[in-house]
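Please open the model in your viewer and keep the sequence panel beside it. The tour below moves from one selection to the next and says what is found at each stop.

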Amino acid sequence: MRTALLAIWGLCCASAAWAQVWGGQWQDLDTAPGSTLWLGLQRADFRHRPGSGSLDWSDWAGSVMFSQPNLDLFLCWQPRAGDRGLEYWEAGGHFWNALPLRFRAALELPFGLFAGYRSVGPSGAMHDGVSVSVLALGAGLAWRLPVGSRLPSILRLVPFGGLAFESFGLQNGWAGGLVAEARLHTPRLMRSRYALGLGIGYRYWRWYFDVDRLNYTWSDVRFSVGLSF
């Protein structure tokens with residue numbers, strides 16, 4: 001397991017470095033995307049199976065995300081999730097790269113590393129709930145739209161699979177799911193360095209452990225607005 005983790009993280013670091021060099025060969029630096037700060041609201045659905053249903057809930061949660069062309073870092077929190085008033089935390093990152101399809105300039109094959117931590121449990125006692133860390137790889141299809149002077153918009157669909165770890169225990173398992181999203185950007189505002197962004201996305205995760213109490217699924221639909229600079 002340790003060898004697999006080192007191999008995946010090594011691939012992530014190599015991919016990020018390669019993106020900075022190779023990406024400049026097919027993108028004009030004047031039109032390259034900049035950084036974007038997103039504020040989001042997501043409707044999340046959590047299902048704990050096949051054990052006790054006491055942690056099941058559906059509710060809204062707020063999120064904040066910082067993104068660059070090859071990186072997404074996000075944090076989500078809901079202090080009173082569901083009818084039982086559970087606390088939900090999520091923190092993670094997506095590390096992206098892509099292979100452009102030369103015969104179709106707007107299409108590309110994105111691939112990435114998905115790393116994150118998610119916890120659902122009684123407020124102030126997260127160790128009494130479900131707490132899982134994930135490390136997964138994914139690859140899919142994306143379409144870049146020539147909208148905006150600095151921030152081309154993108155439609156992306158990426159399934160993924162990888163490893164899952166019990167954060168407060170010794171159990172290891174697997175994780176799988178998909179990410180589907182659209183990010184649309186305006187041209188620069190009044191010839192400034194700033195632009196606005198609008199995002200919508202869907203995520204589905206499945207975590208499976210041999211221990212019944214750690215088998216669960218997660219899905220959410222997220223709406224975001226962003227300021228690019």
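**First stop: Arg156 and its strand**

Select Arg156, which lies in strand β8, the run of residues 153-166; helices (H or I, at least four residues) and strands (E, at least two) are DSSP runs, numbered from the N terminus. Before going further, note that this is a predicted model, in which local features need pLDDT of at least 70 and side-chain atom pairs count only at pLDDT 80 or more, while totals for chains, interfaces and linings use all residues. Residues are numbered from 1 along each chain as its sequence is written, and side-chain values use heavy atoms, with hydrogens and water left out.

Is Arg156 buried or exposed? With a relative accessibility of 8%, Arg156 counts as buried, where buried means under 20% relative accessible area, exposed means over 50% and partly exposed lies in between (1.4 Å probe, protein chains only). Now display the side chain of Glu181, with which the side chain of Arg156 makes a polar contact at 2.5 Å. A polar contact is a pair of N or O atoms within 3.5 Å; within protein, one must be able to donate a hydrogen and the other to accept it, and residues adjacent in sequence count only if both atoms are side-chain atoms.

If you then show the surroundings of Arg156, leaving aside its neighbours within four places in sequence, the residues in contact with it include Asp72, Trp96, Pro110, Leu141 and Val179; contact means heavy atoms within 4.5 Å. Turn the view towards Trp96, because Arg156 lies over the face of this residue, at 3.9 Å from the ring centre, and a charge sits over a ring if NZ of Lys or CZ of Arg is within 6 Å of the ring centre and within 35 degrees of the ring normal.

Not counting residues up to four places away in sequence, Leu157 touches Gly140, Leu141, Leu178, Val179 and Ala180. The C-alpha atoms of Leu157 and Val179 are separated by 5.8 Å, although the two are 22 residues apart along the chain.

Next colour strand β9 (residues 172-185), which pairs with β8 in the antiparallel sense over twelve bridges; two strands pair if DSSP finds at least two bridges between them. To find one of these bridges, select Gly161, whose partner in β9 is Gly176. On to strand β10 (residues 195-208), which pairs with β9, again in the antiparallel sense and over twelve bridges; here His185 has Gly197 of β10 as its bridge partner.

**The aromatic rings**

Which residues form one aromatic cluster? Select Phe46, Trp57, Tyr88, Trp96, Phe114, Phe160, Trp205, Trp207, Tyr216 and Trp218 together, and you have that cluster on screen. Rings of Phe, Tyr and Trp (its six-membered ring) pair if their centres lie within 6.5 Å, with planes under 30 degrees apart counted as stacked, over 60 as edge-to-face and the rest as tilted.

A search of the whole structure finds twelve aromatic pairs. In one of them, the ring centres of Trp57 and Tyr88 are 5.6 Å apart and the planes stand at 50°, so the pair is tilted. Trp57 lies in strand β2 (residues 57-68) and Tyr88 in strand β4 (residues 86-100), so the pair ties together parts that are 31 residues apart in sequence. Trp57 counts as buried at 3% relative accessibility, and Tyr88 counts as buried at 0%.

Then centre on Trp96 and Phe114, whose ring centres are 5.5 Å apart with the planes at 85°, so the pair is edge-to-face. This pair links distant parts of the chain, with Trp96 in strand β4 and Phe114 in strand β5 (residues 107-122), 18 residues apart. Trp96 is buried, with a relative accessible area of 4%, and Phe114 counts as buried at 1%.

Return to Trp57 and show what it touches: not counting residues up to four places away in sequence, these residues include Ala44, Phe46, Leu86, Val120 and Trp218. Finish this stop at Trp218, where the charged end of Arg118 sits over the ring, 4.6 Å from its centre.

**Last view: the whole chain**

Zoom out to the protein chain, which has one helix and eleven strands. Of its 229 residues, 46% count as buried.
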